Amino acid sequence: MNTTNATARGAARQFDAERIASPQRFTLLGPVRAWRGSDELDLGSPQQRVVLAALLLQRGRPVTTAALVDAVWGDDPPATAVAVLRTYVSRLRKVLEAEQRAAEPPQVIVSVADGYRAHVSDALLDLGVFEQQVSTAKNLRAAGDMPAAAEVLHAALDLWEGAALAGLPGPLAETERSRLAEIRLAALENRLDIDLQLGQHSEVIPELTALIDEYPFREELCRLLMLALYRSGRRAEALARYRRMRGILVTELGIEPGAPLRELHERMLTADTSIDHRSPDNETPKAEPVSEQWVSPAQLPADLLAFTGRQAELRQSQELLPSDGKQPSTVVISAIGGMAGIGKTTLAVHWAHSVAEHYPDGQLFINLRGYDAAGSAVSPQDAVRVFLEALGVPEQRLPASPDAQTALYRSLLARRRVLIVLDNARDTNQVRPLLPGSPGCLVIVTSRSRLTGLVASEGAHPLVLSSLTAAEGCALLARRIGNERLSKEPGAAEEIVRLCGGLPLALAVVAARLATNPGFSLTAVVDELHESRGSLDAFASADIVTDVRAVFSWSYEVLTEGAARLFYLLSLHVGPEISAPAAAALVGLSVRQARSLLTELTGANLLTECLPGRYILHDLLRVYADEQLHAYTSADDREQAVDRLLAWYEHSAAAAYRQLTPHRRKIPLRALPPDCHPLTFSTRHQALNWCDIEQASLVGAVHQAAASGRPGSAWRLNSALWSFFYLRGRVYEWLDTSRTALAAARSVHDRTGEVWCLSNVATALTMMRQFNEAIEYFRRTMVLSRELGDVDGRALAVANLGNVYLQLGQLEKAVEYTRRTLALSQIRGDAWQEGICLVNLGDAYQRLSRFDEAVDNLEQGLSVLRATGNRWVEGVTLDILGTLQHRLQQHEAAVERFHQALEAHRDVGNRWVEGDTLGHLGAVLQDVGRTEEARGCWQQALDIFEELNHPDAQKARENLRRLEEGLTGERQGGCTH
């Protein structure tokens, strides 16, 4: 062997040698990774890895701070970008230079005038080794040593572990990824050309065919494939390849093939012997036939003895198989998905064992490590080789090319009944080459990804696992620690399941702790879990496979930068579920951009889409997200995200408020922060429906605003919910949020906010029939409004005092306050409030039995309400007129009025008053002997009040109870301003 060849072979192994001898080595040709000796280092978040990659790519040259900011965030960096960048550099130094003494200056990442540079030898960087190998191969080829050049290029290309800078976000990564991919492709073309010169024509055809499918415009690949086909005696296919390439270039790009491709085509047409370069000396010997002896593998892991639950999922899986035992007409594929730790593998193995007898030709199992801690996913080619070895194919008889190995694998499975479990798959592309080509086999795939491509193209049957129910969780604990121990503390057992979020992995960790400490009570473990809420420390384990935090990290680490950011920001949302527009506000993106990130998170099963466009974060994932949030964001970043979210809720709720009560006084909203786009509503139905759906999140947002030091957001959002709370009768939530907002406003001496909140508290108390306390709050509102010169606030307080006195039965006071408000509204030209005052005055007169005055005021009020479009209070007015006619024994007219009132209530969605009117209608119907109809009305009223959790439910129950006695409850009525 000549010296040059020996040097090349040594260089080909240089990177491996350095990794053993050196304390550091780095890779860019795939995921960005680093090692100290044999230990891989934790380089942190994707953004932090971008910083390291940017420095390594410059090969010792300085990189300015501005360039690094641009590399991480592009054209729209956050205000804190430079500070965050310094944090990234500091963390990288701690990881890369852990063995440095504190007093010694950094050796790997060094500060320069306006930035940093990385001191890393090319011998320790896979990109440096790759470039040196390519250069060596070029020299060897020029010297005529083709075998040595081929060997060096093969070694160089083996350094690649997928796309360069895999998983890194940002503009730099995208640009460099494309540049490096072009360099790799050029080296690959060079290697394939040399392989052809060495006579390996048939061997390179499958690889070239796959490459052309991936790069359809690459003329050099087409030239090499044409040459390989031609020299393999497949002249017609070679010419067909040219026609296909020319068709693509002309149709898609409007150009003809280049000169090298055209010249090769012409030479083939003329059978030019100069291109027939085959040599008998270089012919690859034909592979010996594989032995026909079948080996039945049995690779399934042991079934879990303590397996419990999942009966519905097992039944659903069983239904995929023919009940008569016949061979199915296609390959049956079950794709079991779900979040990390949900029990996918456990279920797959248990089911596989239960049906294994139906697959007598064997069971194959492989962990594809799609979400492995080390990030080293098994390639389809390696998996096929593992399966071929399990099926008895000797290594020396394996075909050379991956395509030929896959073909052999499928040939061996043809007409066989084999059960194949592909565990922990990364994506569809990793699974597809491992699927049998003929019916009779069952393939069970587990993945944290949804594998939608497998479902769509291969007919896979999806099965997404959710958390265990309380009963299933307790059964799991019982199997692990014994029924006797569980039965002594059933309440504590259920609390353990709840605190574990029904996650099997978390329950298994807790069960193991209980099992190894038989003296521990379940109550003590509950206390321990309560103490660790907000962290995953209670679920830590020495075994990384059962460490909940580590398992979550495997899914998190493969996210794009945008999806990772959205994931940890979701922990800031306090509601039970979040909508896509709210998520967009949280992350400061458009809804379209946010939907793409949400799709990535649901695809990775880090988020569950419970309804179209609405998402739930599992409790333990929320804790993990919060840990990442505080690890990788600054306090300013978190504050800005919360500010955007609360502003979005505040302005969206205000838009609903304006739609539901267009004439009520406007709420003084704050300015919107950048990148926050609240909703608008074109109809009352849209606004009310949105409030219904978002109720829990809106209530949570009020409390979050108060707790996070945003009293202005708290009282404005609470005030914006006035219409919704009133229409839906959500009195407990109304009182709760109003008191929270009031305390927040008072804490910063915000007197404007205090006026609004005093009125809101008083109105909620009125709805709850706590009239005396309501009067006190309305009086405080009136006094404070006068001090602030708030004429509108004072007028509303006086009007509402009249309404409370009306409900309390102090009718003379009710008339006094209502007349004062009526006069003021007429002076100010406020027709909206004038109509409400006329109605309340009419109601007071009918209670005083001054029926003529009542009718006059009610009918006059009805005219004003209709003129101003106040359908809401129109319904209340019709109800009062019905009550008046009922008292006058005008029963048919009263029934008609109540039906008109119900129509109005339903038009505006006034559920609480709808229940009230149903009660009044029931009373009339009972009086005229229509008992069953009365019963039906009171039952409907009860259903509404129970749905709203409204205190008037008790009144409806009492009406039903006293039905046979012919008694009804009194009408409440009245209109809040």
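Is C441 buried or exposed in this predicted model?

**View 1. C441 in its loop.** C441 sits in the loop between α17 (428–431) and β10 (442–447). The residue is buried, with a relative accessible area of 0%. That value falls under the 20% cut-off, so C441 counts as buried. L413 is 28 residues away from C441 along the chain. The C-alpha atoms of L413 and C441 are separated by 8.1 Å.

**View 2. A patch of negative charge on the surface.** Four aspartates gather here: D70, D75, D76 and D675. One of them, D675, belongs to the loop between α29 (635–660) and α30 (684–707). How exposed is D675? D675 is partly exposed, with a relative accessible area of 41%. The value lies between the cut-offs of 20% and 50%, which means that D675 is classed as partly exposed. Patch members need over 30% relative accessible area, and D675 has 41%.

**View 3. An open sheet of three strands.** The strand order is β1-β2-β3, with antiparallel pairing. Which strands stand at the edges? They are β1 (25–27) and β3 (39–40). Each has a single partner strand, so one side of each lacks a neighbour in the sheet.

**View 4. The pairing of β1 with β2.** Strand β2 covers residues 33–36. β1 and β2 run antiparallel and are joined by three bridges. Which residue in β2 is the bridge partner of R25? The partner is W35. β1, an edge strand, has a single partner strand.

Key
Residues numbered from 1 in each chain as written. Predicted model: local features only at pLDDT ≥ 70, side-chain atom pairs only at ≥ 80, totals over all residues. Heavy atoms only, no water. Patch = residues over 30% accessible without salt bridge, like charges linked within 9 Å, V, L, I, M, F, W, Y side chains within 5 Å. Areas by Shrake-Rupley, 256 points an atom, 1.4 Å probe, with all protein chains shown as cover. Salt bridge = Lys/Arg side-chain N within 4 Å of Asp/Glu carboxyl O. Lys, Arg positive; Asp, Glu negative; His and termini not counted. Charge placed at Lys NZ, Arg CZ, Asp CG, Glu CD. Helix = DSSP H or I, 4+ residues; strand = E, 2+ residues; numbered from the N terminus. Buried < 20%, exposed > 50% of the residue type's maximum accessible area, 1.4 Å probe, protein only. Pairing = 2+ DSSP bridges.
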